[in-house]
Amino acid sequence: MLSLIRSFKRRRLRRKPLPPEWAGILQERVPFYSTLTSEDLDVFHTNLKLFVWEKIFIGAKGLEVTDLHRVTISAAAVRLVQHLDLSYFDRLTEIVVYPHDYRHPDTGGVILGEAHGWGVVVLSWPAVLRGLQNPCDGWDTASHEFAHVLDREAGAFNGTPSLRADDHYRAWADVMSLHFERLKGGFGRERRVMRDYGATNEAEFFAVATEAFFERPAQMKRLTPSLYAELRRFYGTDPVSTCQED
Ligand SMILES: [Zn+2]
């Protein structure tokens, strides 16, 4: 029933034109937008509209959420599912946006973003902007948190999202655990591709590897080609030409 109502609403939202002011936001705040091919744009814009209009964006600590926040953050989310399916985000309902990096209430550590179990992502707005501003440095907070959402969608929070086919899981597990262990062990190739934070656990590895796949694709393809190949098969895209090696 819920999905029936959703698909009815989606049909209506799809027909609404892209608000003209969004183009300026995308051009100014989302550098990867200019790398999308003309064939990609239709799907990208449709997913963007649905994401912006379906999710609830909440400003924390007095932040007043505007389309600038909604469009910028949603762009990072829908890039991940450009060649997958927007339904990966169906269980995500709320995005909480802080006006600054914030401290964890228990640990006091600085947090740039978090993905909660029950459909909530929390993001620091400056961290979102920093992440997107340089699209080729392997660090993108929004992509990181939305990768966690893809992971959670599959049930467990273990670095394995719902793959495209049953016979993909074996190779995925082998390749991911190999490179996770190598990153944990401080191997040079992995460390040149991914941030050390990916060695925290399998879930963080998938999120950090996702950042690197989109922002350091040439390096990843050259130095850890099997990892690149698995992520390419899952995300259904080959971003290698979007960033030069640094
Ligand atoms: Zn994380």
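**Close-ups of a predicted model**

**View A. Gly 113 and its partner across the strands.** In this predicted model, Gly 113 sits opposite Leu 123, a residue of strand S6. Zoom out a touch and you see S5 and strand S6 (residues 120-124) running antiparallel, joined by 4 bridges.

**View B. The open sheet that S5 and S6 belong to.** Follow the order S1-S2-S6-S5 and you've walked through an open sheet of 4 strands, with mixed pairing. Which strands are at the edges? Those are strand S1 (56-59) and strand S5 (113-116), each of which pairs on one side only. From one strand to the next, the twist averages 15°.

View D. The protein chain splits into domain 1 (2-134) and domain 2 (166-242). Taken over C-alpha atoms, the centres of domain 1 and domain 2 are 24 Å apart. How many residues does each domain bring to the contact? Domain 1 gives 6 residues and domain 2 gives 4 residues. On the side of domain 1 that touches domain 2, you'll find 3 nonpolar residues, 3 polar ones and no charged ones.

Methods: Residues numbered from 1 in each chain as written. Predicted model: local features only at pLDDT ≥ 70, side-chain atom pairs only at ≥ 80, totals over all residues. Domains from an automatic or database assignment. Contact = placed C-beta atoms within 7 Å. Nonpolar A, V, L, I, M, F, W, Y, C, P; charged D, E, K, R; others polar. Pairing = 2+ DSSP bridges. Helix = DSSP H or I, 4+ residues; strand = E, 2+ residues; numbered from the N terminus. Axes fitted to C-alpha atoms, helices over the stretch in contact; angles between N-to-C directions.
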